[in-house]
Amino acid sequence: MIGAEFQKAQFAALNGATDCGANVFDQVPESNPFPRITIGDEQVIDDTNTCQAAWEVFSDVHCWSRPESGSKIEVKTVATQVVTAMLGLTEVVGFTLVSIEHQTTRFFRDPDGLTEHAVVSFRALIDPA
């Protein structure tokens, strides 16, 4: 099993990846300002065959913005930079990152009426090192 190593690799790739200075979190502290990025849900599927172990990982990264203008431009910019950073991911410590691909990005306004939100979804194939 790959444990937390993929999440650690995501954090390393995303930390400092945005022009607007969005912080990256697993759990957001109450004091953190917008914009921000959170590493979201993850699904790991065992893709082991008769020759070796392998995993297929589906992961969501959330982007958050609360612009005074109410525009989605900032959250869309952050999401684009998240995609670029994640597609630049080349290493998961202790494993071989076979591939990573961007699958979808969804943009929406949160129910509070103030917060712009994007969910960026990725698929990675990972083998043992």
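Is phenylalanine 95 buried or exposed? In this predicted model, phenylalanine 95 is buried, with a relative accessible area of 18%, a value that falls under the 20% limit for that label.

Although the rings pair, they belong to distant parts of the chain, because tryptophan 55 lies in strand β3 and phenylalanine 95 in strand β4, 40 residues apart. Tryptophan 55 is buried as well, at a relative accessible area of 9%.

| Residue | Relative accessible area | Class |
|---|---|---|
| Tryptophan 55 | 9% | buried |
| Phenylalanine 95 | 18% | buried |
| Cysteine 20 | 36% | partly exposed |
| Cysteine 51 | 73% | exposed |

**The sheet and its helices**

Strands β3 and β4 both belong to an open sheet of five strands, which has the order β1-β2-β3-β5-β4 and mixed pairing. At the edges stand β1 (23-25) and β4 (95-109), and since each has a single partner strand, one side of each is left without a neighbour in the sheet. On average, neighbouring strands of this sheet are turned by 25° against each other, direction ignored. Helix α1 (residues 5-14) packs on the sheet, where it touches β1, β2 (36-46), β3, β4 and β5, and the direction of α1 makes about 150° with that of β2.

Within the sheet, strand β3 (residues 55-65) and strand β5 (residues 116-128) run antiparallel and are joined by 11 bridges; cysteine 63, for example, has alanine 118 in β5 as its bridge partner.

Helix α2 (residues 73-87) consists of 15 residues and reaches 21 Å from its first C-alpha to its last, close to the 21 Å expected at 1.5 Å a residue. Several residues of α2 are buried, among them Val75, Val78, Ala79, Val82 and Met86, and what covers the buried residues of this helix includes α1 together with β2, β3, β4 and β5.

**The cysteines**

How many disulfides does a search of the whole structure find? The search finds zero. A disulfide is a covalent bond between the sulfur atoms of two cysteines. For cysteine 20, the closest cysteine sulfur is that of cysteine 63, and because the two sulfurs are 9.1 Å apart, they are too far from each other for a bond; the cut-off for a disulfide is within 2.5 Å.

How values were computed:
Residues numbered from 1 in each chain as written. Predicted model: local features only at pLDDT ≥ 70, side-chain atom pairs only at ≥ 80, totals over all residues. Heavy atoms only, no water. Pairing = 2+ DSSP bridges. Helix = DSSP H or I, 4+ residues; strand = E, 2+ residues; numbered from the N terminus. Axes fitted to C-alpha atoms, helices over the stretch in contact; angles between N-to-C directions. Contact = heavy atoms within 4.5 Å. Buried < 20%, exposed > 50% of the residue type's maximum accessible area, 1.4 Å probe, protein only. Expected span 1.5 Å × (residues − 1).
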